[in-house]
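Here's a quick tour for anyone who wants to get their bearings before opening the viewer. Have the model on screen and follow along.

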Amino acid sequence: MREVVVGGAQMGPIQKSDTREAVVERMIALMDRAHEAGCDLVVYPELTLTTFFPRWYMEDQREVDSWFEREMPNEATAPLFKRARDYGMAMSLGYAELTPDGHHFNTQILTDKTGAIVGKYRKVHLPGHDEFDPERSFQHLEKRYFEPGDLGFPVWRALGGIMGMCVCNDRRWPETYRVMGLQGVELVMLGYNTPSVNSQKGDEGPEKRLFHNRLVVQAGAYQNSTWVVAVAKAGVEDGHPLIGGSLIVNPDGEVVAEAKTEDDELIVHPCDLDACNFGKETIFDFARHRRIEHYGPITGQ
Ligand code: ING
């Protein structure tokens with residue numbers, strides 16, 4: 001039994017006018033609850049420090065860069081890293097990363113129980129578009145503000161197992177989980193900001209969005225015999241609704257915890273990493289069962 005008690009720290013809405021300091025206070029309150037619940041790890045959403053700014057069309061690069069972090073930890077997040085260190089709790093959080101040499105990524109990091117950053121992932125699958133689209137009921141300009149991730153889909157040995165990360169739209173692509181699955185991943189952590197409505201298809205609402213959210217996370221978990229914890233930024237941000245539905249799925253594809261609100265909410269589950277073993281040794285024993293000679297089109301060969 002290699003148990004990791006996982007906390008999914010769903011964040012409610014963050015308004016354009018909310019400060020990073022105010023958000024960090026909310027994140028610390030959730031971390032306090034995670035500590036009381038005995039969590040070894042707390043997972044925060046994608047771009048968890050600010051509103052989901054890719055919904056806004058901006059031309060001034062200085063304004064765009066004001067949504068990014070130039071270093072991590074930094075002044076606004078130092079209290080969060082300190083609290084995690086005091087609790088001996090690992091954490092994963094998403095933020096907009098502006099590198100010293102001027103690259104922009106939608107990034108998720110993992111710290112160990114001493115508060116040291118042990119893993120970094122940069123979002124590979126960027127949805128949306130890069131120019132203002134008048135046809136859409138709202139914009140989704142991730143291709144305008146971020147570059148595709150340049151780190152691939154790595155895994156890290158931490159918390160007694162093999163950990164992986166991805167971000168939001170990545171969770172919809174089977175390749176994301178499979179590349180980590182081929183590296184033996186046992187717990188995939190991810191965050192998301194998912195609009196409750198489709199900007200291009202008026203009749204697709206939150207029910208369908210929540211259905212797809214469960215579907216892709218359950219599939220990814222089952223098909224790679226891994227735990228997946230997926231954590232939302234939820235609620236209405238400056239009039240724009242985001243789905244909640246944060247969830248934890250076990251290696252059999254079953255939902256074992258799910259958020260009920262669209263606000264700051266902690267979901268908790270004791271994840272036994274050894275529960276991954278049976279699937280990896282039988283039905284999804286990749287070495288025994290995969291026939292890669294037929295998979296060429298997936299990698300464009
Ligand atoms: N958000 C959405 C997501 O992938 C989206 C964008 C929603 C794409 C629904 C396709 C369908 O959950 C982010 N930030 O990727």
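How much space lies in the largest pocket? About 410 Å³. Keep in mind that this is a predicted model.

**The largest pocket**
- The lining is made up of 20 residues, and those closest to the pocket's centre are Pro174, Glu175, Arg178, Arg290 and Ile298.
- Two helices, H5 (174-181) and H6 (206-223), each put at least two residues into this lining.
- H5 gives the largest share, with 5 residues.
- Sorted by class, the lining of the largest pocket has 10 nonpolar residues, along with 5 polar and 5 charged ones.

**The second largest pocket**
- This one has a volume of about 320 Å³.
- Its lining counts 19 residues, with Pro127, His140, Asn169, Pro195 and Arg209 closest to the centre.

**The six-stranded sheet**
- Reading across this open sheet of 6 strands, the order goes S6-S7-S8-S9-S12-S13, and the pairing is mixed.
- Which strands sit at the edges? They are S6 (155-158) and S13 (255-258), each of which pairs on one side only.
- From one strand to the next, the twist averages 20 degrees.
- S6 and S7 (residues 161-167) run antiparallel and are joined by 4 bridges.
- If you want a spot to look at there, Arg157 has Ile162 in S7 as its bridge partner.

**Helices across the strands**
- H5, the helix with the largest share of the largest pocket's lining, lies across S6, S7, S8 (187-192) and S9 (227-232).
- Relative to S7, H5 runs at about 160 degrees.
- H6 also supplies at least two residues of that lining, and it lies across S8, S9, S12 (247-249) and S13.
- The angle between H6 and S12 is about 30 degrees.

**What the record says**
- UniProt, in an unreviewed entry, lists residues 4-275 as "domain: CN hydrolase".
- In the model, the end C-alpha atoms of residues 4-275 lie 11 Å apart.
- That span is 23% helix and 28% strand.

How values were computed
Residues numbered from 1 in each chain as written. Predicted model: local features only at pLDDT ≥ 70, side-chain atom pairs only at ≥ 80, totals over all residues. Heavy atoms only, no water. UniProt positions renumbered as here; feature names shortened; annotations may be inferred. 1 Å grid on protein atoms, 1.4 Å probe; cavity = no way out; pocket = protein on both sides within 12 Å on 5 of 7 lines; lining within 4 Å. Points joined across faces, edges and corners; volume = space filled by probe spheres on them. Nonpolar A, V, L, I, M, F, W, Y, C, P; charged D, E, K, R; others polar. Pairing = 2+ DSSP bridges. Axes fitted to C-alpha atoms, helices over the stretch in contact; angles between N-to-C directions. Contact = heavy atoms within 4.5 Å.
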